[in-house]
Each structure stands twice: as structure tokens, then as C-alpha cells.
Amino acid sequence: MNKKKISNIDINKVFIRSTLLQGSWNFERMQALGFCYSIIPVINKLYHDNKKEKLKAVQRHLEFFNTHPYMVAPILGVIIAMEEKKANGAKISKGTINSIKIGLMGPLAGIGDPIFWGTIRPILSALGASLSINGNIIGPIIFFLSFNIIRISALYYGIHYGYKKGLNIVKELNKNLLNKLTEGSSILGLFIMGSLVSKWTKVNIPVVISNIQQYQSNIQKIITIQNILDQLIPGLVPLLLTLTCMWLLKKKVNPILIMMCIFIISIIGNFFQILQV
């Protein structure tokens, strides 16, 4: 019996298909159809001479699956390695393959959220927005290209890494690597978001406290609430606004409702000259 071997070309086919992982997302099995679609090239190669085993392989990859769309790559790589061993006679059951998928999808989803949504995207968004706010068209282009380069690189190298490591990746992920990555990404993401608060959140309270005309001159010195706040703690009101929004989100208040309230308060405050845009 000739040994069946998966080539880099086969893995790259899976990589290309994995970019469409959520193209058929559904509420019953979530990313199952996308996962199965991604791994079809491998199934076709390993079981091209056994229609019954090919059908079983397709069926086992149509069961429930859900993880971060960019962290699916290592899981695909591990499953490719397992399917290769199974096709070559290794005693690997359907339950074992599904157990590995289920065991990896949760922890890797926990890594993907703080890294991609909490760190990479805010940093690149801030970079693009800082250029766009001055009318520079390069801003959105930089964001689009840089984010997609990182996303595609994570998918490409993740699949090859998962295939190379096979089941050994489970041992590596158990060495507190997940906790360290998640904690580090969360801290960096919070640091970035904190810096964005002071940079992008502007609240001006132009209510006049005193209007003093200087002696022997026509120059008037106007002191507003905002002047006093800036002398005491610059950025205090934006910080309080951010903390209030975080507290409301923690209390399960709808984010859209929070945004609408901010819009309404801003419009009313600007109309009565309490707030200034």
C-alpha cells in the first residue's frame, strides 16, 4: 500500500478556502460548513479511491464548529495531519478528531479576540484615522492593506504550523502559552484604547465662570469650566465619559442605546451652549 502524503500545494488550497470560512455561517452549526469546505481538497486527495471513507470524512467535518475566523488555521493544520494518519491506517476515530477540534476551538478563539479585535485592529484603525482626519486618502488604504496582510499571514503560517506540529500543538498550548498571549494582548489592547480615549474623545464645557477685564487694558480674561478642568486634570471628562460607557456596557445596556443617548445629550448641550463641538 502506497503511503498517502499531503503536499504544500494541498495545504495551500486549504489556506485559500479558509478565507471563506464564514461564507456559509449559520446558527445551527455555525462555521461547520466553512470548515468542511476548507478541508475538502485534503479529503479528496486522501480518500479519492474510497468513496465510503470520503463520505464519512465529509460528514464528520459537518458537525458543530466555531472559533475565531483567523485562528482556525492551526486547527485546520492539526486536522489535516490527523486525516493523513487515518488515511494511512492509523487507528484514529471520528470522536478523536472531533474532540481535538472542540478542544482547540475555544482556547484559540480566546486568543484571537484580544489579539485581532482588541489590539491589531484598534492600532491600525488609529493609524489610518490619524491620516484620514487630515484628508489623506492613504489612511484607509494603509488600514486595509496592513490588516489584511496580517490576517492572511496568520492563516497561511497557522495552517502550515498546525500541520507540522500535529497533535504536539496541544502540548505546547498547555504550557501557559494561551494565558500569556491572551493576557499580554489584553494589556496592550487596553493601553492602546486608553491612549485613543485622550486623543479622539473631545468634550468641551464652555460655561463661563468669570469674565474679568484686565486693569488699564481692554483685554478680557474669560474663565470657563473647561479651563479649570484642564488645569486640574486634562482629559478628565473624556475619561469619565468612557468609564460611564464601560459601566453601562457591564450592566448589559444596549450599545446602540448608549450611542443614541450620547448623540442626544451632545445636540441638546450644544444648543444651550453647555457643550461645544
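Biologist: What does K4 form with D49, and how far apart are the closest N and O atoms?

Modeller: The term salt bridge is kept for a side-chain nitrogen of Lys or Arg within 4 Å of a carboxyl oxygen of Asp or Glu, and K4 and D49, whose closest N and O atoms are 3.2 Å apart, form such a bridge. K4 belongs to the segment before α1 (8–18) and D49 to the loop between α2 (32–46) and α3 (51–60), so this pair ties together parts that are 45 residues apart in sequence. Helices (H or I, at least four residues) and strands (E, at least two) are DSSP runs numbered from the N terminus. The model is predicted, so local features need pLDDT of at least 70 and side-chain atom pairs count only at pLDDT 80 or more, while totals for chains, interfaces and linings use all residues. Residues are numbered from 1 along each chain as its sequence is written, and side-chain values use heavy atoms, with hydrogens and water left out.

Biologist: How far apart are the closest N and O atoms of E83 and R60, and are both residues buried or exposed?

Modeller: The closest N and O atoms of E83 and R60 are 2.9 Å apart, and the two residues form a salt bridge. E83 sits in helix α4 (residues 72–87) and R60 in helix α3, so the pair ties together parts that are 23 residues apart in sequence. Both E83 and R60 are buried.

Biologist: What joins the side chains of N98 and E63, and which residues does N98 touch?

Modeller: A polar contact is a pair of N or O atoms within 3.5 Å, where within protein one must be able to donate a hydrogen and the other to accept it, and residues adjacent in sequence count only if both atoms are side-chain atoms; the side chains of N98 and E63 are joined by a polar contact of 3.2 Å. Contact in the wider sense means heavy atoms within 4.5 Å, and, leaving out residues up to four places away in sequence, N98 touches R60 and E63. N98 lies in helix α5 (residues 94–132), and its relative accessible area of 10% makes N98 buried.

Biologist: What volume does the largest pocket have, and which residues lie nearest its centre?

Modeller: On a 1 Å grid over the protein atoms alone, a cavity is a set of points where a 1.4 Å probe fits but cannot get out, whereas a pocket is an open set with protein on both sides within 12 Å along at least five of seven lines, and lining residues have an atom within 4 Å of a point. The largest pocket has a volume of about 400 Å³, and of its 19 lining residues L241, I262, I265, S266 and L275 lie nearest its centre. The largest share of this lining, six residues, comes from α10.

Biologist: What is said of phi in M30, and where is the place of M30?

Modeller: M30 has a positive phi of about 55° although it is not a glycine, and M30 is placed in the loop between α1 and α2.

Note on methods:
Buried < 20%, exposed > 50% of the residue type's maximum accessible area, 1.4 Å probe, protein only. Points joined across faces, edges and corners; volume = space filled by probe spheres on them.
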